[in-house]
Amino acid sequence: ADQQNFATRRWPPMGGCVFRDAQILEIASVISRSHLSFAFSLGGLTTAQQRQEIRDLASVSQLERFPGNSAIFLEGQPANVLYIIVSGCVNTFVTLAKGNPSDNMEYCSTKTALDLVGSSGLLAKCPTQRNYTAIADEYTECIVISKANLETYLSNAPASVKENFNLIMGEEITKAIGGIPMLRVLNNDQKRILETIFKYRVVAPGEQVLAWGEMGDEMYMVLSGSLTAVGWWLQDDEEQESDRTMTSITRIVSTKSHMRDSTTTGKGLGLALGSPREFLKMMDEVKENPGEYKVVFNKGEFFGELDMILGIPRTATVTANTKSVLFALRKEEFKTFLAVMDGAGQ
């Protein structure tokens, strides 16, 4: 019944053109601060051009409100609408077994203000379906952009903006997950769970992802591109290597996760607990400056997990070498990720 009343929740066109102009400005303000803003900031546009493009997108968007415990979309429905949360929060669920969906839905994640919901596969060439259910946990307001309206906007948008939208909406996230060696062993249900907790981050060449000394609550997995981490190794006497403790190890940047084949687990946290000699073997370059090293992260490799888990300042500065697409994973959703990997024997 809630889905049948979908249209009734749209903001009414009160006040005619004046109200709509104010609404467009409000929508544009949210888009410029959301996780979609990169599509414009990385498009080689001037500030004035970025503002105009965002306003053009806002003009084909609507504000919509959802009462608490109401469905935004259901698993299996066509993936033809993008939602950007303005306020409130949205819980995501996947159905892990056949039967009555309400009896078999498993909670996956919570999306909050400025998060995107329903972006996966929105611009795919072939029609796609929702891989999970999204339910408003409380009174929630969203920006709503239909696939048809988005395609209308993109038909006149700069080529760079089109390219950026396709980076995160051109295929289903589950397919992108399958392209990462570490995650190829996951079954479809496990990939669908990860779809709800991963979010895209796209960075330009030279853009800093992490900065030494800052606090952070996200780790990153490289989907495409290349990034370099520069950190500092606090060296001890060689004979004390075997006695190195967790406290001293946390001074290291998150380790590089080389993948040998589709069944090999990365050397992430596990290697970080190993000896300094093992760790240094992974360095792409150890500079003459004592204790300073460089690590290059490529597709399928991850970084930032130690700092995130332990709540310590970042131990390296990570900068993109090329335009790079990352999966970001927040600390509060890391347990879900571990549970999925554990279920896959990883």
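In which sense do E9 and strand E17 (residues 324-330) pair, and over how many bridges? The pairing is antiparallel and runs over five bridges, with strands taken as DSSP runs of E, at least two residues long, helices as runs of H or I, at least four residues long, and both numbered from the N terminus. Two strands count as paired if DSSP finds at least two bridges between them. The model is a predicted one, in which local features need pLDDT of at least 70 and side-chain atom pairs count only at pLDDT 80 or more, while totals for chains, interfaces and linings use all residues. Residue numbers start from 1 along each chain as its sequence is written, and side-chain values use heavy atoms, with hydrogens and water left out.

The pair belongs to an open sheet of four strands, ordered E9-E17-E11-E15 and antiparallel in its pairing. Strand E9 (199-203) and strand E15 (302-303) sit at the edges, each pairing on one side only.

On a 1 Å grid over the protein atoms alone, a pocket is an open set of points with protein on both sides within 12 Å along at least five of seven lines, a cavity is a set where a 1.4 Å probe fits but cannot get out, and lining residues have an atom within 4 Å of a point. The second largest pocket holds about 180 Å³ of space, a volume being the space filled by probe spheres set on the points, which are joined across faces, edges and corners. Its lining has 14 residues, with His-35, Phe-38, Tyr-200, Arg-201 and Val-202 nearest the centre. E9 gives the largest share of that lining, four residues, and helix H2 (38-41) supplies at least two.

The largest cavity, at about 210 Å³, is lined by 17 residues, and Leu-116, Ser-119, Phe-198, Lys-199 and Tyr-200 lie closest to its centre. Strand E6 (116-117), helix H8 (188-197) and E9 each give two or more residues to this lining. The second largest cavity has about 50 Å³ of space, and its lining includes Ala-79, Gln-129, Arg-130, Tyr-132 and Glu-195.
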